[in-house]
Amino acid sequence: MQDDQKKTTDFGFKEIPTDEKVQAVAQVFHSVATKYDIMNDLMSGGVHRLWKRHTISQSGVRAGNCVLDIAGGTGDLTLKFSRLVGSEGQVILADINDSMLKVGRDKLANNGIIGNVKFVQANAEALPFPDDTFDCITIAFGLRNVTDKSKALASMYRVLKPGGRLLVLEFSKPESELLSQVYDQYSFRLLPAMGKLIANDSESYRYLAESIRMHPDQETLKSMMNDVGFERTSYQNLTGGIVALHKGFKF
């Protein structure tokens, strides 16, 4: 008997069939890839660089480590990690979107980063790596675009070494109601307009704003990490909770 109750999931504020989300998200990032870095700077006033720098400072990554940067996109974190792990270490930049990978590969090559970085097209829900491979895993502004977030977290837990840590940097829930209201106005009025002006694509930036609102709040994401096995989980609100850095360990 055919199942007419087809599973659906969120795509921004819309509900779409679950098996269509990967392609729908892919189309967004194919569209924004070449303008991604400049839009990040404009949208955050450059503050995204401080959020990422703080994430790296919390990573504990050192020479010789093996690091996985999921949804690594244009390579901001990978570039820094490459210098930290040195010639004896390795960084894998993984992204589901080949357009983003190409931009990241070119950017890293232009910065002289070629020897200790590999690029892998991969779905975070089914990471193609052996168990207990990585000393540190990061995912920055990527988890909210994943269809099954719990499945992705479980996949990250599997490939992390005992003693390793996961860092999730993601937009979250602002701490104050006033900040939340101001942020809503900015997200739903200014971001699509900026996307239209700079990238000639307002709809992709409307989706990105909506996806932030659909993402689990700080405590919910912390519980999801606990549920798949992470221990000593914690989070730190940045910029009033507009962004949160979640941390968890595998023991």
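Predicted model: local features only at pLDDT ≥ 70, side-chain atom pairs only at ≥ 80, totals over all residues.

Trainee: Where does Thr239 lie?

Mentor: Thr239 is in the loop between β8 and β9. Its phi is near 50°, a positive value in a residue other than glycine.

Trainee: And how many residues sit between the strands of that hairpin?

Mentor: Four residues lie between the strands in the hairpin of β8 and β9.

Trainee: In which sense do β8 and β9 pair?

Mentor: Antiparallel, over six bridges. Strand β8 covers residues 231-238 and strand β9 covers residues 243-249.

Trainee: OK, zoom out. What is the strand order in the sheet?

Mentor: The order is β5-β4-β3-β6-β7-β9-β8. That makes seven strands in an open sheet with mixed pairing.

Trainee: Which strands stand at the edges?

Mentor: β5 (117-121) and β8. Each has a single partner strand, so one side of each is left without a neighbour in the sheet.

Trainee: By how many degrees are neighbouring strands turned against each other?

Mentor: By 15° on average in this sheet, direction ignored.

Trainee: Now helix on helix. At what angle do α2 and α7 pack?

Mentor: About 145°, with their axes 11 Å apart. Helix α2 spans residues 36-44 and helix α7 spans residues 177-199. The crossing of α2 past α7 is right-handed.

Trainee: Which residues make the contact?

Mentor: From α2, they are Ile38, Met39, Leu42, Met43 and Ser44. From α7, they are Tyr186, Leu191, Met194, Gly195 and Ile198.

Trainee: How many of the residues in that contact are nonpolar, polar or charged?

Mentor: Eight are nonpolar, two are polar and none is charged.

Trainee: Next, α8. Which of its residues are buried?

Mentor: Ser204, Tyr205, Tyr207, Leu208, Ala209, Glu210, Ser211 and Ile212. Note that Glu210 is on that list. The cover over the buried residues of α8 includes β1 (8-11), α1 (21-32), α2, β7 and α7.

Trainee: How far does α8 reach from its first C-alpha to its last?

Mentor: 19 Å, close to the 18 Å expected at 1.5 Å a residue. Helix α8 is residues 202-214, 13 residues in total.

Trainee: Let's check some loops. Is Asn145 buried or exposed?

Mentor: Buried, at 11% relative accessibility. Under 20% is the cut-off for that word. Asn145 has its place in the loop between β6 and α6.

Trainee: What is Asn145 in contact with?

Mentor: Leaving aside neighbours within four places in sequence, Asn145 is in contact with Lys21, Val25, Phe29, Tyr207, Leu208 and Ser211. Tyr207, Leu208 and Ser211 are also among the buried residues of α8.

Trainee: Back to backbone angles. What is the phi of Asp132?

Mentor: It is positive, about 55°, although Asp132 is not a glycine. Asp132 lies in the loop between β5 and β6. At 39% relative accessibility, Asp132 counts as partly exposed.

Trainee: And which residue takes a positive phi in the hairpin of β1 and β2?

Mentor: Gly12, near 65°. That hairpin has two residues between the strands. β1 and strand β2 (residues 14-17) pair in the antiparallel sense over four bridges. Thr8 stands opposite Pro17 in β2.

Trainee: Last one. Is Arg53 buried or exposed?

Mentor: Exposed, with a relative accessible area of 56%. Arg53 is found in helix α3 (residues 47-57). The C-alpha atoms of Arg53 and Leu143 are separated by 18 Å, and the two residues are 90 apart along the chain.

Definitions and conventions. Residues numbered from 1 in each chain as written. Heavy atoms only, no water. Pairing = 2+ DSSP bridges. Axes fitted to C-alpha atoms, helices over the stretch in contact; angles between N-to-C directions. Left-handed = near helix turned anticlockwise from the far one by under 90°. Contact = heavy atoms within 4.5 Å. Nonpolar A, V, L, I, M, F, W, Y, C, P; charged D, E, K, R; others polar. Expected span 1.5 Å × (residues − 1). Buried < 20%, exposed > 50% of the residue type's maximum accessible area, 1.4 Å probe, protein only.
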